[in-house]
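Hello,

Here is the structure for you to look over.

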Amino acid sequence: MNGPSILRKNRILQLLASAQLGGGEIVAIDLADSLRGEFEGMGVWTPAHGAAGEEADKRGVPSTSVPYHRVLSVGSIHRV
């Protein structure tokens, strides 16, 4: 898997390691796309705007550019 998933109240977000579109990002977007019918709010977060977010958007998978350094810190996850 490309990165951790955040599960919150029937919501899963794939955290993509890169805004670029590589093998890991494609697998994560494929997984998010296939799970959209199972989970409300299925989507991907990217660390910046880029090809990975654009690919997710093309497939109808919601994507959000999130500056990870602002929401993730050692041992905790902060709300965006």
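Below is what came out of it, element by element.

This is a predicted model, so local features need pLDDT of at least 70, side-chain atom pairs count only at pLDDT 80 or more, and totals for chains, interfaces and linings use all residues. Residues are numbered from 1 along each chain as its sequence is written, and side-chain values use heavy atoms, with hydrogens and water left out.

Helices (H or I, at least four residues) and strands (E, at least two) are DSSP runs, numbered from the N terminus. Buried means under 20% relative accessible area, exposed over 50%, and partly exposed in between (1.4 Å probe, protein chains only).

The β-α-β unit

E2, H1 and E3 form a right-handed β-α-β unit. Right-handed means that, with the strands pointing away from the viewer, the path from the first strand over the helix to the second runs clockwise. E2 and E3 pair in parallel over three bridges (pairing takes at least two DSSP bridges). Gln-14 has Val-44 of E3 as its bridge partner. Strand E2 (residues 12–15) is covered on both faces. Ile-12 and Gln-14 are buried on one side, Leu-13 and Leu-15 on the other.

Helix H1

H1 has 13 residues and spans 18 Å from first C-alpha to last, close to the expected 18 Å (1.5 Å times one less than its number of residues). Its buried residues are Glu-25, Ala-28, Ile-29 and Ala-32. Down the axis of H1 they fall within an arc of 100°, so they line one face. The arc is taken over directions from the helix axis to the C-beta atoms. Exposed Val-27 and Ser-34 sit on the face turned away. The cover over the buried residues of H1 includes E2, E3 and H2.

Helix H2

In H2 (residues 51–58), Ala-52, Gly-53, Glu-55 and Ala-56 are buried. Their arc down the axis of H2 is within 160°, so they too line one face. They pack against H1 (23–35), E3 (43–46) and E4 (63–65). Glu-54 and Lys-58 are exposed on the face turned away. Just after H2, Gly-60 has a positive phi of about 85°.

Arg-59

Arg-59 lies in the loop between H2 and E4. Is it buried, partly exposed or exposed? Arg-59 is partly exposed, because its relative accessibility is 26%. Beyond neighbours within four places in sequence, Arg-59 contacts Ile-26, Ile-29, Asp-30, Asp-33 and Arg-36 (heavy atoms within 4.5 Å). Arg-59 and Ile-29 are 30 residues apart in sequence, yet 8.5 Å apart C-alpha to C-alpha. The Arg-59 side chain also makes a polar contact with the Glu-55 side chain at 2.9 Å. A polar contact is a pair of N or O atoms within 3.5 Å; within protein, one must be able to donate a hydrogen and the other to accept it, and residues adjacent in sequence count only if both atoms are side-chain atoms.

Best wishes
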